Amino acid sequence: MEATNTQMKTVVYDDSIVRAFSIITVVWGIVAFLVGVIVAAQLSFWQANLGLEWTSFGRLRQLHTNAAIFAFVGNGMFAGIYYSTQRLLKTRMANDMLSWANFWGWQLVIVGAAITYPLGLTQSKEYAELIWPLDILVVVVWVIFAVNFFWTLAKRNEKNLYVAIWFYISTIVTIAVLYIVNNLQIPTSLTHSYPIFGGVQDALVQWWYGHNAVAFFLTTPPLGLMYYFMIKAANRPVYSYRLSVVHFWSLIFLYIWAGPHHLLYTSLPDWAQTLGMIFSVMLWAPSWGGMLNGLLTLRGAWDKLRTDPVIKFFVVAVTFYGMSTFEGPLLSIKSVSALGHYTDWIIGHVHGGALGWNGFMTFGILYWMWPRLYGTKLYSNKLAETHFWIATIGILMYVVSMWVSGVSQGLFWRALDAEGFLKYPDFIEGLTNSLAMYHTRLFGGVLFLGSAFLLPYNMIMTARQGAPATVSVQVPARKPAGDQESAWALLTSAPMLFIVGILALAIWFGASGTMLSPIILALLIVVSVGAIISYGLHQKRWGHWYGLIERHALVFTVLALVAILIGGAVEIIPTVIQSNRVPRVITDEMIADDPALAETAKWMQQPYSPLELAGRDVYVSEGCYVCHSQQIRPFRHEVLRYGDYSRMEESLLDHPFQWGSKRTGLDLARVGGKYDNLWHYLHLMDPRSTSPASNMPTYPHFKRKTVDAAVTRHRMEVLRRLNVPYTDEEIASAEADFASQGQLIADDLAGKDVNIAPDSQMAAVIAYLQRLGRGPQPVSAVPVTAGK
């Protein structure tokens, strides 16, 4: 960049990085959709699992979700952010090397996931399945992206930060916090680790992450991109700047509280469930505010909807955003969640957001941006129109079929006869009744996948008729003089003090007891009224203050960080404290001192035996949680079907938790002792031999693969560091106990003409399944105490 005689300089945008991210977005998108079609086929036709361990549903489903979220949407996000940020800030990205490090590092993460998931190397935590070395790589790449972005902010040639930049900032800081906290873990080897949180703690932290990964990876970045690309495509100004302000701040503050709505009626404390539900319902307002702001921006440009495929993609994307953000709060209402949770309704909801909202937004951005990157027009609007209509039909078939299947499943499971007993006691009947909808889902997925191939063809032909464009802009050689207000002055100004005071009092009110809460409520009302009066008397001053905030990137980032930290801290810290107060070992002497502990002891989980722990690790590696829950809700129909409802004490020692979020198969929380070892063996070798209509994969590799007692012993030592109460004696005898329990199972099966090795994965998994919902099984001479 060189200054001219008129004190101007030329800024040349780096669009080569945008082209790279755009190309790889399409590549990974087709991969994600293809794997999605494969796993949909596996649910319709169990033979599509191919009888191979690497292609089983539990392993490929994780690959599909990660490819769709992090490979397709993630790369599309980077492409849009790198394109729009340079133009909004009128400067080139701060460092080209950092941009390319971001690109290649992110692709390395995706390739790592594509290799490890089929190999069964996973944490089995939804949207956070990557093994710990890849987690570290994700953090490194994200830091590179953040440094490049904030460095670019610092050297910008535009004084004000546009709305889209706000959403990018919130994405960067929030994803960093979420990912690091949820992936705190202790490695046991290069490919295995245990999370530091267990049981209810792990469940809350996971869904605080899981829900807000959706919020801050699949919502705020596309919203920021909407505020740039939709405005550009329509050639209209944003409908309402004030609505943008309200939309942004209310969305990022409220969203972070909503994670517990994924855990309604579980062992999570009731107060946390209620908070999650309340804040989820409150999300209706800002979410629909953003949707309306996007759609109303098209006022005066609706004629383009008839002729411009880009506008079509954007309008359907924003409409799906509105549908998803209506459906999400609806599903967070306890009575609705009681029906919809664990069913296909949730699958339809997720795909409406990921493919309807994110997918169509990404398609629209690529169709608008790609011709400009090559200085030409789109090769074929007709092909883009064809892509639009086929993809729309496909995603509607998918979502609607899952709605029908999900609601019917919920009603089927809870149906009781006149005597109050299960009307349909055989779980598999519900699955067979959903097969028609599964076939419809598969056909919709095939349409969506097929339509996606039209995009790369259109892009290739567009590039061939143009050439990589070099875009430059003239900006003043000297940066515009900014306001000299210091960060400290902004953070200690009257508006900021009022906001902090209201938030602090609101949190204090929620945490206070009955004696103190009326006083705090009165103070909260007084301060809130004071803020309203101050705004009314000094409206221009408040507006000027926010204008200064917009121009001060550091202060803006700090405020966004504070907004997202409050909800997480309020929900997670008390839950961790509350669950930590539950003793991991309860003796008769402790019960004598505190009789109330007798009920806790009744449900207290005892550490897994070495073989059971090895079996659990195999269960986790296979991704069994994607089809089987281990959490019985306190409903009569669930207690009748599965056994007594689950308590918090029962899973405190589980690292990671395995409560699950979908029931394609039975809940397993109390499966131990319901069937003999032979039944489990036959079920794992060929599920149709015990459940003729099952769509579960086969696991013949369990019989030939073995588990290592020495490895399990080391893992027990790691778990002891996480407060799992293994004694010195238990660890010392781990290998002997491992062998003796394996031999018990092998001998039992041998008596029924089935031969397995005592150290096989089959013996370990059977030991684990037989343990669920029961006390420790006799495996050694070391006496065990009663408990779960």
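## Two domains

The chain divides into domain 1, residues 14-463, and domain 2, residues 608-771. This is a predicted model. The centres of domain 1 and domain 2, taken over C-alpha atoms, are 32 Å apart. The two domains touch: domain 1 gives 63 residues to the contact, and domain 2 gives 54 residues.

## Helices α1 and α2

Start with helix α1, residues 16-44, and helix α2, residues 57-89. Their axes lie 8 Å apart, and the angle between them is about 155°. An angle over 145 degrees counts as roughly antiparallel, so α1 is roughly antiparallel to α2. The crossing of this pair is left-handed.

What kinds of residue make the contact of α1 with α2? It has 22 nonpolar residues, nine polar ones and one charged one.

## Around helix α17

From α14, the contact uses Asp344, Ile347, Leu355, Phe360 and Phe363. From α17, Tyr438, Arg441 and Phe448 take part. By class, six of the contact residues are nonpolar, none is polar and two are charged.

Gly450, Ser451 and Ala452 of α17 meet Leu454, Leu455 and Pro456 of α18. This contact has four nonpolar residues, two polar ones and no charged ones.

## What covers α18

## Glu429 in helix α16

Glu429 sits in helix α16, which runs over residues 427-433. Is Glu429 buried, partly exposed or exposed? Its relative accessible area is 33%, so Glu429 is partly exposed. Leaving out residues up to four places away in sequence, Glu429 touches Phe412 and Tyr424.

Glu429 and Leu295 are 134 residues apart along the chain. Their C-alpha atoms are separated by 43 Å.

## Backbone details in two loops

The loop between α3 (96-116) and α4 (132-154) holds Ser124. Tyr127 lies in the loop between α3 and α4 too. Ser124 is not a glycine, yet its phi is positive, near 55°. Tyr127 is not a glycine either, and its phi is positive at about 65°.

Are these residues buried or exposed? Buried means under 20% relative accessible area. Ser124 has 3% relative accessibility, so Ser124 counts as buried. Tyr127 has 11%, so Tyr127 counts as buried too.

Pro656 lies between α27 (636-642) and α28 (677-685). Which form does the peptide bond from His655 to Pro656 take? The bond is cis, with omega near 0°.

Notes:
Residues are numbered from 1 along each chain as its sequence is written. This is a predicted model: local features need pLDDT of at least 70, side-chain atom pairs count only at pLDDT 80 or more; totals for chains, interfaces and linings use all residues. Side-chain values use heavy atoms; hydrogens and water are left out. Axes are lines fitted to C-alpha atoms, for helices over the stretch in contact, and angles run from 0 to 180 degrees between N-to-C directions. Helices (H or I, at least four residues) and strands (E, at least two) are DSSP runs, numbered from the N terminus. Angles under 35 degrees count as roughly parallel, over 145 as roughly antiparallel, 65 to 115 as roughly perpendicular and the rest as oblique. A crossing is left-handed if the near helix is turned anticlockwise from the far one by less than a right angle, and right-handed if clockwise. Ala, Val, Leu, Ile, Met, Phe, Trp, Tyr, Cys and Pro count as nonpolar, Asp, Glu, Lys and Arg as charged, and the others, Gly among them, as polar. Buried means under 20% relative accessible area, exposed over 50%, partly exposed in between (1.4 Å probe, protein chains only). Contact means heavy atoms within 4.5 Å. Domain bounds come from an automatic or database domain assignment.
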